[in-house]
Every structure is written in structure tokens, then in C-alpha cells.
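Me: I've got a structure open and would like to walk through it with you. Could you take my questions one by one and show how you get to each answer?

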Amino acid sequence: LNSVRVTHYHDTVPHVPEEFMGYRHVTSEVWYDEDFVAGASYTICSDSADGEDDSCSNSCSPLSCTSTSDHLLYLGVPLGGDGC
């Protein structure tokens with residue numbers, strides 16, 4: 001089973017629970033910077049079992065990853081609104 005996690009800029013949810021608590025995500029991350037619409041550029045991150053790539057979503061961790069608006073918009077699709 002191959003897993004890839006897609007993360008958006010300063011989305012707070014991919015950082016809960018925190019790494020310092022011993023939690024590890026799957027090691028395949030695709031990170032979108034601020035522009036997160038279809039066709040936008042992205043970074044394939046170099047996460048490992050020892051920790052996340054500090055140049056991807058972990059670049060804002062632990063204190064600046066606090067955006068709920070980045071969590072509610074993925075690939076130009078608003079989430080958490082009517083019908084979701």
C-alpha cells in the first residue's frame with residue numbers, strides 16, 4: 001500500500017499531533033505553497049522515518065502552522081462549507 005499526503009502551506013491539521021510527541025506521518029508528502037489551485041507548482045518532500053522535511057509543511061512548525069483557511073481550501077475546492 002502506497003500512501004501520499006498532500007499538505008497546503010500553513011494548514012494546522014497536518015501538524016496534529018506534533019512530531020515532538022513521537023508521532024510520525026507517512027513519509028511521502030506533496031506540499032503546495034500558498035497558491036493551491038489545480039495546476040499550481042508543488043514540492044515532493046524528502047520526509048523520512050526520522051522526521052519531516054523542514055523545507056515543506058514542517059517549515060512553519062510548530063508555532064506558525066496555525067491557518068484554518070489553508071485547511072479549508074484544497075486544490076481550489078472550498079471544504080467544510082454547505083454540503084461537505
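Predicted model: local features only at pLDDT ≥ 70, side-chain atom pairs only at ≥ 80, totals over all residues.

Me: Is Tyr42 buried or partly exposed?
Reply: Tyr42 has 47% relative accessibility. Buried would need under 20% and exposed over 50%, so Tyr42 ends up as partly exposed.

Me: Now Ser57. Where is it, and is it buried or exposed?
Reply: Look in the loop between β3 (43-44) and α1 (68-71) for Ser57. Its relative accessible area is 1%. With the limit for buried at under 20%, Ser57 is buried.

Me: Which side chain makes a polar contact with the side chain of Ser57?
Reply: Beyond its neighbours within four places in sequence, Ser57 is in contact with Arg5, Thr7, Tyr9, His15, Glu29, Trp31, Glu52 and Cys65. From that list, the side chain at 2.7 Å in a polar contact with Ser57 is that of Glu29.

Me: What does Cys56 contact, and what is its relative accessibility?
Reply: Cys56 sits in the loop between β3 and α1. Setting aside neighbours within four places in sequence, Cys56 touches Glu29, Trp31, Thr43 and Cys45. Cys56 counts as buried, with a relative accessibility of 0%.

Me: How many Å apart are Cys56 and Ser46, C-alpha to C-alpha?
Reply: Along the sequence, Cys56 and Ser46 are ten residues apart. In space, their C-alpha to C-alpha distance is 8.6 Å.

Me: And Asn58: is it buried or exposed, and which residues is it in contact with?
Reply: Asn58 is also a residue of the loop between β3 and α1. At 9% relative accessibility, Asn58 counts as buried. Leaving out neighbours within four places in sequence, its contacts are His15, Glu19, Glu52 and Asp53.

Me: Is Ser61 buried or partly exposed, and which residues does it contact?
Reply: Ser61 lies in the loop between β3 and α1, and its relative accessible area of 24% makes it partly exposed. The C-alpha atoms of Ser61 and Glu18 are separated by 8.7 Å, although the two are 43 residues apart along the chain. Neighbours within four places aside, the contacts of Ser61 are His15 and Glu18.

Me: What about Thr68: how many Å separate its C-alpha atom from that of Val13?
Reply: Thr68 is part of helix α1 and counts as exposed at 52% relative accessibility. Thr68 and Val13 are 55 residues apart along the chain, and their C-alpha atoms are separated by 8.1 Å.

Me: Where is the cis peptide bond?
Reply: Look at the loop between β1 (5-8) and β2, where Pro17 is found. Omega is about -5° for the cis peptide bond, which joins Val16 and Pro17.

Me: What is phi for Tyr9, and what is it for Leu75?
Reply: Tyr9 is in the loop between β1 and β2, and Leu75 is in the loop between β4 (73-74) and β5 (77-78). Neither is a glycine, but phi is positive in Tyr9 and in Leu75. For Tyr9, phi is near 40°; for Leu75, phi is about 55°.

Me: Last one: how many cavities are there, and which residues line the largest cavity?
Reply: The count comes to one cavity of 30 Å³ or more, and the largest cavity holds about 40 Å³ of space. By class, its lining has two nonpolar, three polar and four charged residues. The lining residues are Glu19, Tyr23, Arg24, His25, Val26, Asp47, Ser48, Gly51 and Glu52.

Definitions and conventions. Residues numbered from 1 in each chain as written. Heavy atoms only, no water. 1 Å grid on protein atoms, 1.4 Å probe; cavity = no way out; pocket = protein on both sides within 12 Å on 5 of 7 lines; lining within 4 Å. Points joined across faces, edges and corners; volume = space filled by probe spheres on them. Nonpolar A, V, L, I, M, F, W, Y, C, P; charged D, E, K, R; others polar. Helix = DSSP H or I, 4+ residues; strand = E, 2+ residues; numbered from the N terminus. Buried < 20%, exposed > 50% of the residue type's maximum accessible area, 1.4 Å probe, protein only. Polar contact = N/O pair within 3.5 Å; in protein donor to acceptor, adjacent residues only side chain to side chain. Contact = heavy atoms within 4.5 Å.
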